[in-house]
Every structure is written in structure tokens, then in C-alpha cells.
Amino acid sequence: MINTNRRSFLKGTAATGVITLAAASGLLRPTKVMAASWPKNAFAEKSVEGAMKALYGSSNASPSKDLHITANLQAENGAMVPVQIQTPMKADAISIYVKENTNPLVTNLKLTGGAGFYRANIKMAKTSEVQFVVQSGGKLYTAKQKIKVTAGGCGG
Amino acid sequence: MARKFKIRTREADGIVQVLVLIGHPMETGMRVDKTTKKKVPAHFIQKMTVEHNGKQVAEADLGIAISADPLMGFGLVSAKAGDKVKVSWSDNKGEQDSKEVVIGA
């Protein structure tokens, strides 16, 4: 999260400039309705348990073998780590956490008929456990995988 | 806004995967601009929704820990060729876009 390599730094600066222009010229209108339901508190939580409580009202998740994680054990660049989770359960929500990030919650997916599948490219500050939580039938299930981040030069 | 916005669908493991690629800086608000020494304001996608034949099937809340130019994947149940898939996103600055594709087209 804190680490940014030079490439993404340059890309970010260029793109931000374009947005500022667009906003100034009044091309964009804020979407207050959508933004209002964004769970700000959960994203600000400093622990995995806290974020889970903010999202689901409980942090009591049982480990499950039905959560299939697809992710590399080692990531060369913490700014872009692809992870994927798939479950045969009838999932109502899927969330992803990086334990060592300042704010562990990465994303939460609410399902209203979609399949138990989610993939995302996440940012990781450093080597950490990545935790996946699936809400199904009012219960929470979890699975973890440690992903090593080697960016920084010393190879972890 | 001409942001890169691509949607691809593919069948795998009995479901149809919807892969969405958006060209977006995903600024965390913690990064410091090296020339001005000021923090770059946060600018990131907060919401993504997926509609399958007009019915919303998934809604994602994204935080700052999603990578720049994010590639996100969602799953559809009992989807078939010819079905319509619509993906919409919006960010914390009110920017938004949506796009509809037809499976197997």
C-alpha cells in the first residue's frame, strides 16, 4: 500500500491530471446514492476481526475446505497480486483481507444470485496472510493463504 | 470519459466468469507526489455492480487496496450464450461508467 514503484507512480500522476480536468469542466456528476452505501467504517478498521464485525456483525468464522484459493505463494510486486477464490457454497458475500496492511479489508462482494467466485488484483504492503471470508446461510467460513512479497530487493 | 473498460466472459468450472478490466489509477491517498511533496488525493473505485439479463447479481465494495488498473472477476450461475451482462462502476470522485456485453458474442 505504501510502496509504489516508479511505473505506477508515473501512470498515476498522468491519469489523475485527466480527471481533474474532467471534474473542472463539469463533465462528471457525483453519484451520491451509490457512494452512500460504501461501508467506510469497515474499510477503516485496523484488524481483520474488526472489519469482519463491521461488515457481518460477527468475526466468528470457521475454517472451511470448500473455499478454493488460487494465488501464487510468492508475489514479485506487492502493488499487484492476483488472487482468486471459488466456492461451491451458496455464497451471500465474499470478502478479502490482507492481514499486514494498515487497513486489512480489501474488498467485499455482495452476491444476489451470482456464483461463488471472485477474483481481484490486490495491493499488499508486505508479506502477509491473505484471508478470504465467505458468508453463506448466515454463517461465516474462512480460508487463508500466506503470500510472500519480494519487492524491495532482498527477496524476502 | 475515455477510460479503458473491457469486459470478457468465459466458461470455466461450470460457471461463466466475467472478467472486467478498468484503466484507473486507484490512488490510495497515502502516496506522496515526489515533485510537490504533497499527498496525492485518494481516487479509487468504490463500487462495481454486475447485472445478468437486467437483474443485479453482484455488488462489490472496493477499497484502496485494489491494484491500479484493476482486473476483477465475477461469476454467473446458469448463464448461456446470448445473455446480457452489464457492469457498472463508480469511484470516490463521482466518476462512473457502465458497459454491456453479450455472452459468446
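Reply: A polar contact is here a pair of N or O atoms within 3.5 Å; within protein, one of the two must be able to donate a hydrogen and the other to accept it, and residues adjacent in sequence count only if both atoms belong to side chains. The model is a predicted one. By that criterion, 19 residue pairs are in polar contact between chain B and chain A, both partners being at pLDDT 80 or more. On the side of chain B that touches chain A, two or more residues are given by each of β2 (15-22), β3 (45-52), β4 (55-62) and β5 (71-76) of chain B. Of these, β4(B) supplies the largest share, eight residues. Sorted by class, this side of chain B holds 21 nonpolar, 13 polar and 13 charged residues.

The extent of the interface can be stated in two ways. Counted by residues, 47 of chain B are in contact with 43 of chain A. Counted by area, the two chains bury about 3900 Å² between them, and 58% of this lies on carbon and sulfur atoms.

Strand pairing also crosses the interface. Strand β7 of chain A, residues 117-122, is joined to β5(B) by two bridges, and the two strands run antiparallel. In this pairing, R119(A) stands opposite G73(B), a residue of β5(B).

The rule finds one salt bridge across the interface of chain B and chain A. The side chains that meet in a salt bridge there are those of D61(B) and K110(A), at 3.3 Å from N to O. Within chain B, D61(B) also forms a salt bridge with K47(B), the closest N and O atoms being 2.5 Å apart. Since K47(B) lies in strand β3 of chain B and D61(B) in strand β4 of chain B, this pair ties together parts that are 14 residues apart in sequence. Both K47(B) and D61(B) are buried. The salt bridges extend to a network that links K110(A), K47(B), E59(B) and D61(B).

Other salt bridges give a setting for this group. Over all chains, the rule counts seven. One of chain A joins the side chains of K144(A) and E129(A), at 4.0 Å from N to O. Because K144(A) lies in strand β9 of chain A and E129(A) in strand β8 of chain A, the pair ties together parts 15 residues apart in sequence. E129(A) counts as partly exposed, at 29% relative accessibility. In chain B, E27(B) forms a salt bridge with R31(B), with 2.5 Å between the closest N and O atoms. E27(B) is buried, as its relative accessible area is 4%, and R31(B) counts as buried at 7%.

The buried residues of helix α4 of chain A (residues 48-56) are V48(A), G50(A), A51(A), M52(A) and Y56(A). These buried residues of α4(A) pack against several elements of chain A, including β6 (105-111), β8 (128-136) and β9 (139-149). After α4(A) comes G57(A), with a positive phi near 80 degrees.

Methods. Residues numbered from 1 in each chain as written. Chains lettered and ligands numbered in written order. Predicted model: local features only at pLDDT ≥ 70, side-chain atom pairs only at ≥ 80, totals over all residues. Heavy atoms only, no water. Contact = heavy atoms within 4.5 Å. Buried area = accessible area lost by both parts, 1.4 Å probe. Helix = DSSP H or I, 4+ residues; strand = E, 2+ residues; numbered from the N terminus. Nonpolar A, V, L, I, M, F, W, Y, C, P; charged D, E, K, R; others polar. Pairing = 2+ DSSP bridges. Buried < 20%, exposed > 50% of the residue type's maximum accessible area, 1.4 Å probe, protein only.
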